[in-house]
Amino acid sequence: MVQLTGAQLMARLLERQGVRTIAGLPGGAILPFYDALSASERIRHVLARHEQGAGFMAQGMARVSGVPQVCIASSGPGATNLVTAIADACLDSIPMVVITGQVPQAMIGTDAFQEVDIYGITVPITKHNFLVRSAQELLEVVPEAFRIAMSGRPGPVLIDVPKDVQTQLITVDEFPPVAVADPAPQLDIAAIEAAARMINEAERPVLYLGGGVVHAGAASLAVQLAEQGSLPTTMTLMALGAMPMDHPLSIGMLGMHGARYTNLVLEEADLLICVGARFDDRAIGRAAQFCPNARIVHIDIDRSELHKIKNAHVAIHADVKCALEALLPRVKAALRAPWLSQVASLKTRFPMQFPGEDDPRSHYGLIRAVASALDDDAIVATDVGQHQMWVAQAYPFRRPRQWLTSGGLGTMGFGLPTAIGAALAAPDRTVVCFTGDGSFKMNIQELDTLVEEGLNLKIVLMNNNALGLVYQQQALFYGKRQFASEYRREPDFVKIADGFGVPAIDLDLADDPVAALAEALQRPGPCLIHATIDREEFVYPMVPPGAANTEMIGG
Amino acid sequence: MIEQVADPLPQAGCAKVVLELDVNNHPGVMSHICNLFARRAFNVEGILCMPVSDGRRSRIWLLVYEDQRLEQMVRQVEKLEDVLNVRRHGAEHEVFERLEGFFH
Ligand SMILES: Cc1ncc(C[n+]2csc(CCOP(=O)(O)OP(=O)(O)O)c2C)c(N)n1
Ligand SMILES: [Mg+2]
């Protein structure tokens, strides 16, 4: 039997849950909890410079480790600053437990200083949320939050804790058991058999992998299925790395910036086996014209994804890993020589093109040079924009959780703090963050955190001095009326890095950029690598928004 | 990143549907449920909620118009942590009819 404050109890519950690193930023309403954390010998606190940074650091840790991670903030502005990172986690199904301080219960609803209804604000962007009313409730709520965050389709859970709950004394007789994920849903074997039959009978099947394959730890099973059935395999942005990019059955990423042949192969398919993907509009283009000749098998842990965008002929509500395990012994080994040769011919005729890939001063060349200097252990994060799409197209991803990007929300500013989180979770790996000048400026303050933590993180800044992707869209779809997408001045990023104490190199000035790059990537610790990118370079191919995937421009 | 170009919204049908939900009884539950409908611009025509048994649970009755999105709507509601059960009834269900007297 121990007597604890609510704050101490929270710290103990997090420790018991295995939490070892928390990112956050303090303020009045969360101070009792910070006080309790200061006494924790097991939990290390990483002080972010902006709460959004803390949110993305937790995401980075979660994306790399696959287990729920924690970020904390104070009430009011602290809590609202977390909103973007929470929404981002929700759309990409990232397990996260967010703890916010709240004004004392007696003051809730009075417009007290730094009071916002973060519970109400986060209803549509969390998997679930709690407003805790007593220290006693924490015994149930904290493990519940972890269980919900990691069960089924993962996602963020928010716990809003009024200050008086944090200071309330409670006698704890027994701690609740450590939360574990719910068991997977019962497998519908009849549906699995129907799916296997459809795969065995198909002449031109395509396997379509989504982020769910990565979340479920099912990437190697998916590759095994592809190999057994000779299934050409495409991946969404979120699934990159699930199958090695250079695998003979990989047809790369589909959708808006996928290769021409990839989208054309899908057009020919007579069966689409969708595993842990959700038919997002960036992936499938105009839904009615996507895979017009294909029957659909759809496997997903989230039942509401089934039949949401496309009606599936066989819909399987299951944990992707369990479903693939059950499917494997039922899928006949097949060669599908005619189909694979048709795919190969499309690939030869409409390949992904990487102009300038041998020139490290061009966008593709820079990405390739970074990849050549690293091995598959490296973790690659990006920000959002053209640079993100170029990396998705050109970087040779070969393992799940190698690639961290903001898919669903497409949040500029994601890169640096997420990469910091990744480096915190995997201190023995090199982490590279490809960023754009626009995105970098959105969370640039986290350079300070980076230096303080001394992480092995390299930032590759692809600087076109523009909001490049917007500039591109205005060029292509708004009559070249480039408005508010070019910067009229350019900061000196190398000096900024220097100001924060981050070593920096400017590839523009290097005589041998490949050597300079390799040297910078090998040197342990933080580093900014600056490279100017031509503003007139666009991401191709491109499916215009709302068009069918076959209506690609360029590439 | 860029604007969405989607097919026009399906028009709501005219058949009424009554949904019966068993939920945990605490202050946030209604907002979780109503948010799902509001976000999709799905009008809830009628709503009724009362605690049941020992007050730890409530029953919520919703009156909506049948439309293509209803199936998806119901699945989203079922996903909510505090929703234990959803049952679907046709327009013939009398729960709202019996309340008519209070609205005239
Ligand atoms: C927070 C946020 N605001 C606005 C956008 C819209 N947007 C998408 S890409 C982009 C430009 C990104 O510029 P930069 O980071 O320099 O990358 P580039 O496209 O130039 O490679 C913008 C403004 C967004 N995705 N996120
Ligand atoms: Mg830019």
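I take a contact to mean heavy atoms within 4.5 Å, and I keep to that cut-off in every entry on this predicted model.

**Conventions.** I number residues from 1 along each chain as its sequence is written, and I letter chains from A and number ligands from 1 in the order in which they are written. In this predicted model local features need pLDDT of at least 70, side-chain atom pairs count only at pLDDT 80 or more, and totals for chains, interfaces and linings use all residues, while side-chain values use heavy atoms, with hydrogens and water left out.

**Chain B.** For secondary structure I use DSSP runs, with helices as H or I of at least four residues and strands as E of at least two, numbered from the N terminus. On that basis chain B has two helices and four strands, and they follow one another along the sequence as β-α-β-β-α-β. I call a residue buried under 20% relative accessible area, exposed over 50% and partly exposed in between, with a 1.4 Å probe and protein chains only; by this rule 35% of the 104 residues of chain B are buried. The accessible surface of chain B (Shrake-Rupley method, 1.4 Å probe; for residues, only the protein chains shown count as cover) comes to about 6,400 Å², and carbon and sulfur atoms hold 53% of it.

**Where chain A meets chain B.** I next turned to the interface, where 24 residues of chain A and 20 residues of chain B take part in the contact. The two chains bury about 2,000 Å² between them, 48% of it on carbon and sulfur atoms; buried area here is the accessible area (1.4 Å probe) that two parts lose on being put together, summed over both. Arg282(A), Arg303(A) and Ser304(A) supply 23% of the area that chain A buries against chain B, more than any other three residues.

The rule finds three salt bridges between chain A and chain B, and I noted one between the side chains of Arg147(A) and Glu81(B), at 3.0 Å from N to O. On the side of chain A that touches chain B, β6 (128–131), α6 (135–150), α12 (281–284) and α20 (468–477) each supply at least two residues.

Gln59(A) sits in helix α3 (residues 51–65), and I record it as buried because its relative accessibility is 0%.

Gln166(A), in helix α7 (residues 163–167), is likewise buried, at a relative accessible area of 1%. Beyond four places in sequence, its contacts include Thr5(A), Met10(A), Leu31(A), Phe33(A), Gln102(A) and Val161(A).

Leu450(A) lies in helix α19 (residues 447–453) and counts as buried at 0% relative accessibility. Leaving aside neighbours within four places, I list Leu416(A), Ile420(A), Leu455(A), Leu457(A), Ile459(A) and Pro526(A) as its contacts. I also noted that Leu450(A) and Gly525(A), 75 residues apart in sequence, are 9.2 Å apart from C-alpha to C-alpha.

In helix α11 (residues 260–268) the buried residues are Tyr261(A), Thr262(A), Asn263(A), Leu264(A), Val265(A) and Leu266(A). Their cover includes β9 (205–209), β10 (233–235), β11 (250–253), β12 (271–275) and α14 (337–349) of chain A.

**Backbone entries.** Most residues other than glycine have a negative phi, and most peptide bonds are trans. I found a cis peptide bond joining Tyr540(A) and Pro541(A), with omega about -10°, and Pro541(A) belongs to the segment after β20 (527–532).

Phi is positive at His307(A), near 65°, in the loop between β13 (295–300) and β14 (314–317), and His307(A) is partly exposed with a relative accessible area of 32%. Phi is also positive at Arg336(A), near 45°, in the loop between α13 (320–327) and α14; Arg336(A) counts as buried at 10% relative accessibility.

Conventions
Salt bridge = Lys/Arg side-chain N within 4 Å of Asp/Glu carboxyl O.
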